[in-house]
Amino acid sequence: MSKLVIVESPAKAKNIKGYLGRGYDVIASMGHVRDLPSHRLSVDIDNDFEPKYSIIKGKENFVSELKKKAEASDYVYLATDPDREGEAISWHLATILGLDMKEKNRVTFNEITKHGVTVGMENPRQIDTDLVDAQQARRILDRLIGYKLSPFISQKIRKGLSAGRVQSVALRIIVDREEEIRAFVPEEYWSIDAKFTNPPSRKVFSAAIYSKDGEKLKITDKKQSDGILSELENAEYTVSSVKKGSRKKSPTPPFITSTLQQEASRRLSFQGRRTMRAAQELYEGVSVGELGTVGLITYMRTDSLRISEEARAMGNDYIVKTYGEKYLPKKPRYYKSRSNVQDGHEAIRPTMPNVTPDSVKAYLSADQYKIYKLVWERFIASLMESCLQETMRIEIDANGYIFVATGYTVKFDGFTALYEEKNDDDDQDGAAALPPIAKGDVLKLKSILGNQHFTQPPARYTEASLIKALEENGVGRPSTYVTITSTILDREYVKRDGKQFVPTELGEVVTNLLKERIPNIVNIKYTSKMEEDLDKIDSGEKDYKEMIRLYYDDFEKPLEKAKDAMKGVKIKLSEDETDVICEKCGRNMVVKYGRYGKFLACPGYPECQNTKPIVFKTSAKCPECGGDVIEKKTKRGTSFYGCSNYPKCNFMTWDMPTDEVCPQCGKSLFRRRGNELYCPDTEGCGFTKKGERKK
C-alpha cells in the first residue's frame, strides 16, 4: 500500500520520510495552501460571516500535483503542526482533497524523533473541528477588524497604515508607558552607606543606614544627610542584632514559547524571530553525527508546562549520573500551567535529555546551539533539587542610628549548579556573604558616605518585557508574539533604542486616535476577554459564528460613528516635515508614502508638483569622481549605493560603504560578502582586509 503524509515544511518532510521508510510518500505543503484572498474582504457579512477561501496565489500547481498524489495513494495522513494553525491547515487540505472529515487521518508529532513519529502514526484521529473553528474565528475577526480599520486610520493620518485586533493593544501598552515616563517627576533622596571590618577579619562588608530610634529614616536632601553624618562623627559601631535563617530557591519551570523568547532576549540578545527560527530548526530535525537526523526539542509553540513522565525519568537519570542522588528532589516537582492554557502538548524540552549541548555542538549552527543549550539546561534544572541558602541580617547601632547589612551563603547549590534564570533587574544581585559576626562586636569603620539618588521612571518595554506584559494581560497567544512585535516595528509605530521600544509620533497618534474614537480596539481588558472567549471555541463551549457576531457588532458601530464624526479631518504629523527646501517654490518638503516607499514632495500640491527621492548620504566618497556615495532603493526595496552626481557619474555597487579609508590610496573602503573590506580601485590599488564583525 502507498500512503501519503502531508506536513508543513520540507525539512520535516525529509526527516519523517527517513523514519517511515518504504511505502510512504511525505510531502510539504509549505504552510497554508488556502486562505482569505488579501485583495478583498473575503468574508460575507450578510451571510453569517461566511469566509470566502481560495487557493493562495502561486500554489495552484502544487495543489494540482497534490491532488494527483492523493488520488494515487491508498491513504492520506494530515501531519501538519500540532497546534490550532496546523489543525486549520489540515482542514483546508482535507477540503481541497475531498477527504472524509470523519475519517481518522489526522496525526501529530510532538517531537520529530523515531519514537515521536511512531507514536503519532499509531494514534491517528479525526480533525478537531473545534480547533479549526477557533482558528477561523481569529482569522475572520482579524480580517474584519484589519480590513475595516486600516483604511480609516490611513485616511485620517497617512496612506498605508494598518491596525489590528492584537497589534493595536501591544502598541497602546508601549505608548502608555511612554506617557508615564513623560509624566514622571523624579524625587531626590539620599542614602548613607558605610563599609566595615570586624577585626581580626580583614573582610570588608557594606551596610546602609536604616532607622533612628526605631523609626525608618527617609533622607530627602544633602542638608539632612550632612546633619546625620556629623552626628555619627567618632561614633562607635556595635552589632546590636544578628539574625540567621535559611531559604529555599526553587528552579523555574521548563520553557513555554513566551518564556523562551524572553530568556533568549535577556541572555542572548536574540529578537523573537531569530529565537523561533532556531527553535523551529531544532524541532524539525538536524543531522547530529551517529544519531542521524533527529529533532532535538519538542514542539516550540506551546503554553503548557506539562512534561511526559518518560522525559522526566530520562532527565532524572541524567541528573543522578552526573550530579548524584542529592541533586534529585525526594518528591517530583510538578508545575501548574495557567488556567486558560491549551494542554495538547508538552512544554519545550529536549527530546533526548541525555544528549548534552556540548555533545552536539559541532553539528549545530551557532544559533541552534545557543537555543538548544538554553532549552536543555532549563529543562534539566527544572527537575533538580532547590538551592538552599543560609541568610544573615545584622543590625549595627551608632548613636541611636541603625545600619543594616544582609548576606547569604550557599549551603547547597542544587539546580544553580547548572542554570539560573536571568531577570530584567539582574544587576541588583544578592548580597555577598558576611564575615563571622556576633552580637556585641565592635566594628571598625572603613568609610561612610552620603549618596544622592533620584527616583527613576518606569523602564521602557523591551521585546522580552513586552511579551511578558502581553502574556500576563492575556493578550495574544504564543504563536503571535513574534508577529506582533515585528508588525509594529515594520509599520514604524515604534523604533528600537538598543533593546528598548520607543513609540514614534506616528505610533502615538494612531494609538490616541483609536483610544478616543474606537476604545474597545485598544482596551487591554476587553481584548483579554475576547481571547478568553475565543479559547472557549477550542473546547466546544462557544459557537464561533456567535463569537464573531458579538465582537464585530462591538467594533463596527463605533467605527461608523467615528467616520461620521471625522469627515474631512486629516491629522498632520510633525515628523513628516523635513528641512529640505523645494527648489521650485521655497516650501519645506514633506515625506510622502508611495507604492515603492517614502519620497519627498512639495506640500504646495497641486500648485507645485515637485517630488524627489529621499537621499541617505553615507560617509563614503565616490572612488571615480569624489562625490558623495548615497543609498538608493530598488523597486523591491533592496538597498544599493551610487554616486550623488548621477547621471554624470555612473558609479554603483551592491557592497556597503564604510567610514574607513584605504591606507594605500586614501579612497573609501567597501564591505563585500564574507565581511571583507576592499578598495574599489582594483586596478591601481587592490587593497583588501578582513573586516571586524559588527556588534
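In the predicted model, helix 5 and helix 17 are in contact through Asp-133, Gln-136, Ala-137, Ile-140, Leu-141, Leu-144, Ile-145, Lys-148, Leu-149 and Phe-152 on the side of helix 5, and through Tyr-544, Ile-548, Tyr-551, Tyr-552, Phe-555, Leu-559, Ala-562 and Lys-563 on the side of helix 17. By residue class, this contact comprises 14 nonpolar, one polar and three charged residues. Two packed helices are described by the angle between their axes and the distance between the axes. For helix 5 (residues 129–156) and helix 17 (residues 544–565), the angle is about 10° and the axes lie 10 Å apart. Angles under 35 degrees count as roughly parallel, and helix 5 and helix 17 are therefore roughly parallel to each other.

Salt bridges were searched for over the whole structure, and 44 were found. Several of the residues involved are joined in a network of salt bridges, made up of Arg-84, Arg-138, Asp-142, Arg-165, Arg-477, Glu-531, Asp-535 and Asp-538.

Lys-373 is partly exposed, at 30% relative accessibility, whereas Glu-377 has a relative accessibility of 13% and counts as buried.

A salt bridge also links Arg-496 to Glu-463, with 3.9 Å between the closest N and O atoms. Arg-496 belongs to strand 17 (residues 494–497) and Glu-463 to helix 13 (residues 463–472), so this pair ties together parts of the chain that are 33 residues apart in sequence. The relative accessibility of Arg-496 is 30%, which places this residue in the partly exposed class. Glu-463, at 5% relative accessibility, is buried.

Lys-612 has a relative accessible area of 24% and is partly exposed. Glu-583 is exposed, its relative accessible area being 54%.

Technical notes: Residues are numbered from 1 along each chain as its sequence is written. This is a predicted model: local features need pLDDT of at least 70, side-chain atom pairs count only at pLDDT 80 or more; totals for chains, interfaces and linings use all residues. Side-chain values use heavy atoms; hydrogens and water are left out. A salt bridge is a side-chain nitrogen of Lys or Arg within 4 Å of a carboxyl oxygen of Asp or Glu. Buried means under 20% relative accessible area, exposed over 50%, partly exposed in between (1.4 Å probe, protein chains only). Helices (H or I, at least four residues) and strands (E, at least two) are DSSP runs, numbered from the N terminus. Axes are lines fitted to C-alpha atoms, for helices over the stretch in contact, and angles run from 0 to 180 degrees between N-to-C directions. Angles under 35 degrees count as roughly parallel, over 145 as roughly antiparallel, 65 to 115 as roughly perpendicular and the rest as oblique. Contact means heavy atoms within 4.5 Å. Ala, Val, Leu, Ile, Met, Phe, Trp, Tyr, Cys and Pro count as nonpolar, Asp, Glu, Lys and Arg as charged, and the others, Gly among them, as polar.
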